[in-house]
Amino acid sequence: MKQMEQLNKSPFTIEDNVFVDCPTSYEGKVVVPDGITDIGDKALMFCNKVDEVKLPDSLEGIGMCAFHGCNFKEIKIPQKCQYIADAAFLSCISLREIDLPDGMLVLAEALLCGCDELERVGIPDSVRIIRETAFADCVKLKSLKLPANLEKLDAMAFAGCKSLKEITIPDSCRYLCYGVFKDCTSLERAIIGNGVSNEQGGENCFLDCTSLKYAKLSSNMVCVISGFFEGCTSLKEVDIPEGIRWIDTEAFKNCKSLESITLPHSMVEIYEYAFEGCENLRHIRMPVHTVINNNAFVGCPDKITIERYL
């Protein structure tokens, strides 16, 4: 039964143990009463004068856009809370740190997208999937430890995290999707665990990561897919392991600092425009059987030393 909570003349709407609504004009601290199990969809959406929220230990779920646009600096999520819906903390522009509860399996789409001040996030090892744009445009996020049991990073999960310095993807992870680290302009080092494959794409994974200097690829990948390192203008060293069979179109486009590269014996083909615009690339070591397509090195120096090996 829907009712207006009367305790202390509270302005909050509560229905069947669900915190349903907070007026957008409300200012200050919100204390969600004990016994509440869920924060409803959009319950505090655009409550930008709310600067503190206290959640009860009884809380089990947080709905879609529940805190979208709130102005608190931190929030403690109870361990019992195992469901947090899409965009729950979207554009909480003052949020500085958050720890997500142990036991969560999926981090929802746009979960913390656009949290401009977010510097630290604790992700439990239970998490298997990080959905699209979950942490996109968290521009002050400097460091990140991905969960040990991670299986999938969805499209643009960390795109635009402009302060992120390095990333290690665990061996448990199988899938990298489109543009996961696109526009992470401070990223300098990337290690991709050997579980990662190309089964669900991964195009433009590091697009315009202009500070990236070193990357190590997974031995389970069959190719360096289209646009994977496009626009990585500081890239100098790439570890391409045995098992990778081809380099796709524009995979290394405009990697202007790349001077030399060694390709593994498994490499069978370099596609057209693969190294387009690599204006300082002067030496490539590759197997004798590797096929080079037309225009693979367009925009590169006229004289490139190609060293073939058996």
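Predicted model: local features only at pLDDT ≥ 70, side-chain atom pairs only at ≥ 80, totals over all residues.
Close-up 1. Strands of a sheet pair through backbone hydrogen bonds, which can be of the parallel or the antiparallel kind. Take a look at strand S22 (residues 269–270): 2 bridges join S22 to S24, and these two strands run parallel. Here glutamate 269 stands opposite valine 291, a residue of S24.

**Close-up 2. Phenylalanine 206 meets phenylalanine 228.** Across the whole structure, a search finds 14 aromatic pairs. One of them is formed by phenylalanine 206 and phenylalanine 228, with 5.5 Å centre to centre and 75 degrees between the planes, an edge-to-face arrangement. Phenylalanine 206 belongs to the loop between strand S16 (189–192) and strand S17 (214–216), while phenylalanine 228 belongs to the loop between S18 and strand S19 (237–239), so the pair ties together parts that lie 22 residues apart in sequence.

**Close-up 3. Phenylalanine 228 and its pairing with phenylalanine 229.** The ring centres of phenylalanine 228 and phenylalanine 229 are 4.9 Å apart and their planes stand at 85 degrees, so this pair too is edge-to-face. Phenylalanine 228 counts as buried because its relative accessibility is 2%. Phenylalanine 229 is also buried, with a relative accessible area of 0%.

**Close-up 4. A charge over a ring: arginine 285 and tyrosine 309.** How far is arginine 285 from the ring centre of tyrosine 309? Arginine 285 lies over the face of the tyrosine 309 ring, at 4.3 Å from its centre.

**Close-up 5. The largest pocket and its lining.** The largest pocket has a volume of about 410 Å³. It is lined by 20 residues, and those closest to its centre are Val53, Glu74, Ile75, Lys76 and Ile77. Strand S6 (50–54) and strand S9 (97–99) are the elements that give two or more residues to this lining. Which of the elements gives the most to the lining of the largest pocket? That is S6, with 4 residues. Sorted by class, the lining has 11 charged, 8 nonpolar and 1 polar residues.

Definitions and conventions. Residues numbered from 1 in each chain as written. Heavy atoms only, no water. Pairing = 2+ DSSP bridges. Phe/Tyr/Trp six-rings, centres within 6.5 Å; stacked < 30°, edge-to-face > 60°. Buried < 20%, exposed > 50% of the residue type's maximum accessible area, 1.4 Å probe, protein only. Lys NZ or Arg CZ within 6 Å of the ring centre and 35° of its normal. 1 Å grid on protein atoms, 1.4 Å probe; cavity = no way out; pocket = protein on both sides within 12 Å on 5 of 7 lines; lining within 4 Å. Points joined across faces, edges and corners; volume = space filled by probe spheres on them. Nonpolar A, V, L, I, M, F, W, Y, C, P; charged D, E, K, R; others polar.
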